[in-house]
Amino acid sequence: MSETPASGGATHIPYVPALDGVRAASILLVLAAHMLPLGPKAMEMNAMAAKMGMSLFFCLSGYLIVSMIHRNPDVLTFLTRRVLRIVPSVVMYMFILVLLLGLGMPAVLSNLLFVTNYWTVGLSGGPLGHMWSLSVEMHFYLAIAALTLLFGRNSVWFVPLAALAVTLLRIDAGAYVNIKTHLRADEILSGGILALVALHHGDRLRRFFGANRHTIAALGILGLLWAFSCRADGGALNYFRPYLAASLVGVIMHCQWRPLLAVLEGPVAAYIARISYALYIYHMLMIWGWMNEGSTMERYLLKRPLSLVLTFAAAHVSTYYWERYWQALARRLTQNRPAPAPAE
């Protein structure tokens with residue numbers, strides 16, 4: 001998802017271009033995990049890359065949502081824009097799967113009702129195997145919207161408590177990784193915590209990470225810990241994955257290390273970030289059926305490049321000729337909503 005407000009002062013979080021690069025990295029990790037051989041199976045590099053990509057993906061989502069709610073706690077505006085950002089592409093994808101693969105109604109309903117991470121109809125590695133994450137997203141939207149109805153902008157202060165509760169549930173269940181919302185949402189909530197930190201301590205963090213030696217040291221240490229937290233043999237470090245990912249993103253968004261920012265803020269990263277949601281939606285379809293058959297050489301040297309081209313083509317068309325219409329509609333529907341009260 002491409003909207004990315006970012007770090008700053010006490011009342012508003014301005015846009016940080018480097019987060020486009022983080023978003024691009026998150027989707028590229030997911031694509032690599034699902035479409036490429038990343039090493040000997042014994043090393044479980046594909047599983048590791050998938051967890052890395054999803055932890056960044058969720059962190060950025062939580063960061064975005066808490067930033068939005070803090071800036072404008074109008075629930076109708078929030079839900080209109082979020083629903084029209086997520087749902088149209090899911091509907092189109094379901095339509096395509098029904099048309100091409102004869103997808104059954106139980107699987108369609110499970111995805112359209114966003115319960116597929118609990119009612120796992122048709123997940124097992126097929127073209128629906130990745131759609132569970134959108135259920136986690138939607139559950140978070142509904143929860144924060146309900147809290148905002150009750151508490152207004154102050155609803156964002158429930159985020160750290162909710163993150164702690166989910167992490168404790170994971171520890172109690174021994175869940176290093178899980179697709180159920182109550183055992184996964186701390187990856188989104190950690191991004192919300194990052195937004196709160198950025199709101200109140202952004203200037204201080206920028207001054208600290210303005211020194212490149214601090215940035216390089218922090219990125220190295222956090223990067224290693226985060227990578228191990230995405231492995232089964234990382235043990236209990238898995239429980240800290242949400243907070244390590246958020247800390248890593250926090251360093252990136254407040255640093256001034258030009259070699260890193262030149263990559264993250266470049267036009268390629270910006271484009272990939274822009275189409276990232278559609279890349280996520282369509283990539284599993286492009287390695288389904290015939291595209292995943294044949295010898296290892298045939299699959300990875302011939303078919304995977306074609307799958308990647310088709311994935312990017314579908315994502316481009318979806319982003320600029322389908323999603324854009326619905327996002328423009330969301331803006332029109334909410335542009336005359338009353339302005340929010342100033343943040344305290």
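Are Tyr93 and Tyr282 buried or exposed? Both Tyr93 and Tyr282 are buried, where buried means under 20% relative accessible area, exposed means over 50%, and partly exposed lies in between (1.4 Å probe, protein chains only). The legends below place these residues among others.

This is a predicted model, in which local features need pLDDT of at least 70, side-chain atom pairs count only at pLDDT 80 or more, and totals for chains, interfaces and linings use all residues. Residues are numbered from 1 along each chain as its sequence is written, and side-chain values use heavy atoms, with hydrogens and water left out.

**View 1. The largest nonpolar core.**
The largest nonpolar core holds 89 residues. A nonpolar core is a set of buried Ala, Val, Leu, Ile, Met, Phe, Trp, Tyr and Cys residues joined through side-chain atoms within 4.5 Å. Ile65, Val90 and Tyr93 have the most contacts inside this core. Helix 2 (residues 45–71) gives the largest share of the core, 14 residues. Helices (H or I, at least four residues) and strands (E, at least two) are DSSP runs, numbered from the N terminus.

**View 2. Ile65 and Arg82.**
Leaving aside neighbours within four places in sequence, Ile65 is in contact with Phe78, Arg82, Phe140, Tyr141 and Ile144. Contact here means heavy atoms within 4.5 Å. One of these partners, Arg82, lies in helix 3. Arg82 counts as buried because its relative accessibility is 0%. The side chains of Arg82 and Tyr141 are joined by a polar contact of 3.3 Å. A polar contact is a pair of N or O atoms within 3.5 Å; within protein, one must be able to donate a hydrogen and the other to accept it, and residues adjacent in sequence count only if both atoms are side-chain atoms.

**View 3. Aromatic pairs.**
The whole structure contains 10 aromatic pairs. Rings of Phe, Tyr and Trp (its six-membered ring) pair if their centres lie within 6.5 Å; planes under 30 degrees apart count as stacked, over 60 as edge-to-face and the rest as tilted. The ring centres of Tyr93 and Tyr282 are 5.5 Å apart and their planes stand at 85°, so this pair is edge-to-face. The pair links distant parts of the chain, with Tyr93 in helix 3 (residues 75–101) and Tyr282 in helix 12 (residues 276–282), 189 residues apart. Phe208 and Phe209 also form an edge-to-face pair, because their ring centres are 4.9 Å apart and their planes are at 85°. Phe208 is partly exposed at 43% relative accessibility, whereas Phe209 is buried at 9%.

Phe57, Phe58, Trp132 and Tyr280 are linked into a cluster by ring pairs. Trp132 lies in helix 5 and is buried, with a relative accessible area of 10%. From C-alpha to C-alpha, Trp132 and Leu285 are 15 Å apart in space, and they are 153 residues apart in sequence.

**View 4. Charges over rings.**
A charge sits over a ring if NZ of Lys or CZ of Arg is within 6 Å of the ring centre and within 35 degrees of the ring normal. Arg274 lies over the face of Tyr320, 5.8 Å from the ring centre. Lys303 lies over the face of Trp290, 3.8 Å from the ring centre.

A disulfide is a covalent bond between the sulfur atoms of two cysteines. The structure holds 0 disulfides, counted as pairs of cysteine sulfur atoms within 2.5 Å. For Cys59, which is in no disulfide, the nearest cysteine sulfur is that of Cys230, 12 Å away. Cys59 is buried at 0% relative accessible area, and Cys255 is buried at 6%.

Glu44 lies in the loop between helix 1 (18–35) and helix 2. Its phi is near 55°, a positive value in a residue other than glycine, and Glu44 is partly exposed at 43% relative accessible area. Phe114 lies in the loop between helix 4 (105–112) and helix 5 (132–151). Phi of Phe114 is also near 55°, but Phe114 is buried at 7% relative accessibility. Asp74 lies in the loop between helix 2 and helix 3 and is buried at 14% relative accessibility. The C-alpha atoms of Asp74 and Thr148 are 8.0 Å apart, although the residues are 74 apart along the chain.
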